[in-house]
Amino acid sequence: MSLRSRITGTGSYAPKKILDNFDLEKMVDTSDEWITERTGIKERRIADSSEAASDLSVEASKRALQSAGLKAKEIDMIIVATVSGDMPIPSTASFLQHKLGAKNAAAFDLNAACSGFIYGLAIADSFIKARGFKKILLVGVEVLSRFTDWEDRSTCILFGDAAGAVVIEPTEKDRGILSTHIYSDGSLWELICLPGGGSKCPSSKETVEKRQHYIKMKGNEIFKVAVRTLEKIVVDTLKANKIKPSELSLLIPHQANLRIIQATAQRLNLSMDRVVVNIDRYGNTSSASIPVALDEAVRTGRICDGDHILLEAFGGGLTWGSALIKW
Ligand code: UT7
């Protein structure tokens, strides 16, 4: 049996503060009915002003380490997928390494927007198989509330804050990550971007006045590309592994919109009881959505040994990707 990498621990953390659709009704011209019907979201979590991405990551990571039965010093790599890290320099992974005391780990961030966790799985899988890494901590974390324009009803109803973490280790058994698939199309970058504060458009009074430090999104256009792309990628991923949709135990999709999730499930002929949905409670938490949903599925006993689990995501870049796991 060839070497595979396997998720051996999961953890997640969401800030305490809940912002529900009725709260948003008081902030912008929207309604609980519109948000529920168009997105499936009922409420989302908002980080406290004292909490940055690394703080959420620490909590999720501690839980993942505990469930893997590992100490922080045993970790040899930390990958943090995020678009809302503590600072541009250093990486949020560096803060996390320090706060956990994971002294023996290489640490870096990766940005593949909402597909970040899938990209991270692909990278971790490769480092384990090709470079002999033994214990990788992969975190998806976002504090999108800091980059949300609370005056823009087309985006502020969507996003939330959370962190999810997994520990990945090698195994000789017929288990673990069977395949990962990652893609991008940078020509569509303008569909979702945060234009201000980078080297193209450095922070200035003008960028702040133009509200360029907030996420801009052409939601309707992304929606169409996402449905088309995800319907294809889930079918292709199963085909690549010679697995029939009927053999799939669980689909864990990125939680961007309930209607996108339902369209993907329908393409595979999956009933919704085989799909993990928590968008109603968290909204879109970008890189964090899949590891949070995975952790909840593990902790509520929805995943059994030997189950085939399909993960998929789509987001800014544009980027998209999938992973098939035998648990
Ligand atoms: O995480 C990965 C990247 N992001 C995504 O995948 C997001 C994908 N897109 C979506 O989820 C959906 O496109 C949205 C939820 C963002 C929007 O839903 P939609 O059904 O595509 O609505 P729309 O943008 O076409 O807007 C329909 C109408 C518009 O009014 P008119 O022009 O028809 O009069 C909007 O102005 O709904 C209006 N609208 C709202 N109304 C009440 C937009 N936002 C709101 C709102 N409340 N919050």
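The side chains of Asp-305 and Arg-175 meet in a salt bridge, with N and O 4.0 Å apart. A salt bridge here is a side-chain nitrogen of Lys or Arg within 4 Å of a carboxyl oxygen of Asp or Glu. Asp-305 lies in the loop between H11 and S12, and Arg-175 in the loop between S7 and S8, so the pair ties together parts that are 130 residues apart in sequence. Salt bridges with shared partners join Arg-6, Arg-175 and Asp-305 into one network. Asp-305 is exposed, at 58% relative accessible area. Exposed means over 50% relative accessible area, buried means under 20%, and partly exposed lies in between (1.4 Å probe, protein chains only). Helices (H or I, at least four residues) and strands (E, at least two) are DSSP runs, numbered from the N terminus.

The model is predicted: local features need pLDDT of at least 70, side-chain atom pairs count only at pLDDT 80 or more, and totals for chains, interfaces and linings use all residues. Residues are numbered from 1 along each chain as its sequence is written, and side-chain values use heavy atoms, with hydrogens and water left out.

The whole structure holds 15 salt bridges. One of them joins Glu-169 and Lys-135, at 3.1 Å from N to O. This pair links distant parts of the chain, 34 residues apart. Glu-169 sits in strand S7 (residues 161-171), whereas Lys-135 sits in the loop between H5 and strand S6 (136-143). Glu-169 is buried, with a relative accessible area of 13%. Lys-135 is buried too, at 19%.

Another salt bridge connects the side chains of Asp-125 and Lys-129, again with 3.1 Å from N to O. Asp-125 counts as buried, with 7% relative accessibility. Lys-129 counts as partly exposed, with 38%.

The chain is divided into two domains. Domain 1 covers 4-173 and domain 2 covers 178-326; these bounds come from an automatic or database domain assignment. Their centres, taken over C-alpha atoms, are 14 Å apart. In domain 1, 50 residues are in contact with 46 residues of domain 2, where contact means heavy atoms within 4.5 Å. The area buried between the domains is about 3700 Å². Buried area is the accessible area (1.4 Å probe) that two parts lose on being put together, summed over both. Carbon and sulfur atoms give 62% of it. Cys-114, Ile-118 and Tyr-119 supply 18% of the area that domain 1 buries against domain 2, more than any other three residues. Between the two domains, 3 salt bridges are counted.

A further salt bridge links Asp-149 to Arg-211, with the closest N and O atoms 2.9 Å apart. Arg-211 lies in the loop between helix H7 (205-209) and strand S10 (216-217). Its relative accessibility is 28%, so Arg-211 counts as partly exposed. Arg-211 also has a positive phi, near 60 degrees, although not a glycine. Ala-113 likewise has a positive phi, of about 45 degrees. Ala-113 lies in the loop between strand S5 (106-110) and H5 and is buried, at 11% relative accessibility.

Two peptide bonds are also of note. The bond from Ile-89 to Pro-90 is cis, with omega near 0 degrees. Pro-90 lies in the loop between strand S4 (77-81) and helix H4 (92-100). The bond from Gly-317 to Leu-318 is cis, with omega near -10 degrees. Leu-318 is found in the loop between S12 and S13. Most residues other than glycine have a negative phi, and most peptide bonds are trans.

An open sheet is formed by 4 strands, in the order S8-S13-S12-S11, with mixed pairing. Two strands pair if DSSP finds at least two bridges between them. Strand S8 (176-184) and strand S11 (250-253) stand at the edges, each with a single partner strand, so one side of each lacks a neighbour in the sheet. Neighbouring strands are turned by 10 degrees against each other on average, direction ignored. Axes are lines fitted to C-alpha atoms, for helices over the stretch in contact, and angles run from 0 to 180 degrees between N-to-C directions. Helix H11 (residues 289-299) packs on the sheet and touches S11 and strand S12 (308-315). The direction of H11 makes about 145 degrees with that of S11. S8 and strand S13 (residues 319-326) run antiparallel, joined by 8 bridges. Within S13, Ile-325 stands opposite Ile-177.
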